[in-house]
Amino acid sequence: MKTLIYKLEHLNLENEIFIMRDDLYPLSFGGNKARKAELFWKDACAKHADCLVTYGSSSSNHCRIIANLAAMHGLPCYLISPEETRKESFNCDMMNLFGAKTILTQVSQVRDTIDITLKKLQQKGLKPYFIMGGGHGNIGTQAYVYAYREIEEFEKRAGISFDYIFHASGTGTTQAGLVCGQILSGRKDFRIIGISIARKKPYGRDVVLQSVKDYLDSLGKMELFSDRLIEFVDDYRGRLWPWK
Ligand SMILES: *Cc1c(COP(=O)(O)O)cnc(C)c1O
């Protein structure tokens with residue numbers, strides 16, 4: 001599904017600024033997790049999954065969207081969530097309304113709880129489909145390779161070429177997808193700048209870098225990898241953010 005790109009008028013800035021409205025992505029109130037979730041859903045269908053399993057915090061947009069997807073298609077959904085950081089949120093309310101089953105556990109136990117949950121479902125004869133937190137992984141990256149292509153199509157239609165793409169960077173999948181799109185297109189005439197909403201350097205950037213490598217490797221195109229294209233800015237994070 002494509003989203004709208006248009007120019008922000010009346011800003012009176014020296015720069016011309018355009019916006020891509022992925023917040024309007026037409027699934028479960030939109031956002032980048034919705035764009036990723038659509039591709040995970042296709043993969044889950046191809047694999048004939050009959051329940052969805054993922055993890056995230058009580059305020060996770062990703063978990064809300066996966067719970068919504070499962071409800072839309074009548075599948076059970078299991079969300080593994082750390083109890084230490086649990087607080088009320090609208091996303092949490094919606095996960096419950098969508099009928100997802102939340103399994104609370106300690107942060108240190110999330111990984112084991114995922115394994116146990118998947119095993120239990122399989123023992124019951126179900127075919128669970130597991131999605132990494134935040135829609136991380138090559139499928140999530142692929143979603144933003146497609147978004148990159150939409151941006152290029154827009155440039156062609158509008159007869160312009162962007163100098164920069166700025167976007168919010170968290171788990172790094174959005175950034176990895178945009179960067180892989182750029183790498184695959186062979187263009188070097190603009191920069192992609194991820195503004196960190198959570199992690200610091202070098203960890204935040206390293207995760208993007210690894211995601212770019214994983215994706216190119218899956219295509220057998222590691223020779224295209226370039227470290228230079230990954231620009232991760234951690235100067236605008238909230239002061240109290242606990243991530244490393
Ligand atoms: C997940 C999320 C991000 C970060 O996206 P990543 O692909 O994880 O880097 C940014 N903004 C919002 C609202 C999100 O939910």
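Predicted model: local features only at pLDDT ≥ 70, side-chain atom pairs only at ≥ 80, totals over all residues.

Residues are numbered from 1 along each chain as its sequence is written, and side-chain values use heavy atoms, with hydrogens and water left out.

**Stop one: the cavity.** Select Tyr148, Ile151, Glu152, Glu155, Phe162, Ile165, Arg187 and Phe190, which line the largest cavity. A cavity here is a set of points, on a 1 Å grid over the protein atoms alone, where a 1.4 Å probe fits but cannot get out; lining residues have an atom within 4 Å of a point. Its volume is about 40 Å³, counted as the space filled by probe spheres set on points joined across faces, edges and corners. The whole structure has one cavity of 30 Å³ or more.

Colour the lining by type: five nonpolar, no polar and three charged. Now show helix α5 (138-158), which gives the most to that lining, with four residues. Helices are DSSP runs (H or I, at least four residues), and strands are too (E, at least two).

**Stop two: the sheet.** Select β7, β8 and β9: an open sheet in that order, with parallel pairing. Because β7 (164-169) and β9 (231-233) each have a single partner strand, one side of each has no neighbour in the sheet. Pairing takes at least two DSSP bridges; β7 and β8 (191-196) have six. Finally, pick Phe166, which stands opposite Ile193 in β8.

Terms used: 1 Å grid on protein atoms, 1.4 Å probe; cavity = no way out; pocket = protein on both sides within 12 Å on 5 of 7 lines; lining within 4 Å. Nonpolar A, V, L, I, M, F, W, Y, C, P; charged D, E, K, R; others polar.
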